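Please look over the model below.

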Amino acid sequence: MQVLSIHIAKARRLPARPVDSVFAEEGKGLVGDRYHGTRHRHVTIQSQQRLDEAAADLGHGFDPGATRRNITVDAGDIPTAPGTRLHIGDVELEVVRVAAPCRLLDDDIGPGAAAALRRRGGSVFRILRSGTISVGDAVLPA
């Protein structure tokens, strides 16, 4: 797996914007993102492969940033078991929980989006070790 895209949003309800890289701060989150400084919801990760499956169910494609997840990897399943760890470059991440899709996705992506993304929405991680995450970085099990 590798990082395909990175999105951050400065505040709730503001559009997520793509960036080439972001600093992941241990115990805090992604610098510049609305969840920076929260206790556990530091970063969300999803799979483009699973988004493509959701798009097929919906009958149209959509930008990965429309899901408001932070990191999109190119393929594979994102771990969902709490405590499972990943490395992206020097950054170490730990699964907190599954990232359930919000009903607001039906407004942003189209009717049925939240249902199509159920079980495909990725996971919420906490950051255990700081570093920079960039597009193209490998995503490896810890």
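Is Arg129 buried, partly exposed or exposed? Arg129 is partly exposed, because its relative accessible area is 37%. Buried means under 20%, exposed over 50%, and partly exposed in between, with a 1.4 Å probe and protein chains only.

The model is predicted: local features need pLDDT of at least 70, side-chain atom pairs count only at pLDDT 80 or more, and totals for chains, interfaces and linings use all residues. Residues are numbered from 1 along each chain as its sequence is written, and side-chain values use heavy atoms, with hydrogens and water left out.

**Arg129**

Arg129 sits in strand β9 (residues 123-129). Strands here are DSSP runs of E with at least two residues, helices are runs of H or I with at least four, and both are numbered from the N terminus. Beyond its neighbours within four places in sequence, Arg129 contacts Glu26, His87, Asp90, Val91 and Glu92. Contact means heavy atoms within 4.5 Å. With His87, the Arg129 side chain makes a side-chain polar contact at 3.3 Å. Such a contact is a pair of N or O atoms within 3.5 Å; within protein, one must be able to donate a hydrogen and the other to accept it, and residues adjacent in sequence count only if both atoms are side-chain atoms. Val139 lies ten residues from Arg129 in sequence and 14 Å away in space, C-alpha to C-alpha.

**The sheet**

Three strands form an open sheet in the order β4-β3-β10, with antiparallel pairing. β4 (29-30) and β10 (131-134) are the edge strands, each pairing on one side only. Two strands pair if DSSP finds at least two bridges between them. β3 (residues 21-25) and β4 are joined by two bridges. Gly29 in β4 is the bridge partner of Glu25.

**The pockets**

A pocket is an open set of points on a 1 Å grid over the protein atoms alone, where a 1.4 Å probe fits, with protein on both sides within 12 Å along at least five of seven lines; lining residues have an atom within 4 Å of a point. Points are joined across faces, edges and corners, and the volume is the space filled by probe spheres set on them.

| Pocket | Volume |
|---|---|
| Largest pocket | about 510 Å³ |
| Second largest pocket | about 190 Å³ |

The largest pocket has 22 lining residues, with Arg34, Arg68, Cys102, Leu104 and Asp108 nearest its centre. Helix α2 (residues 105-108) gives the most to this lining, three residues.
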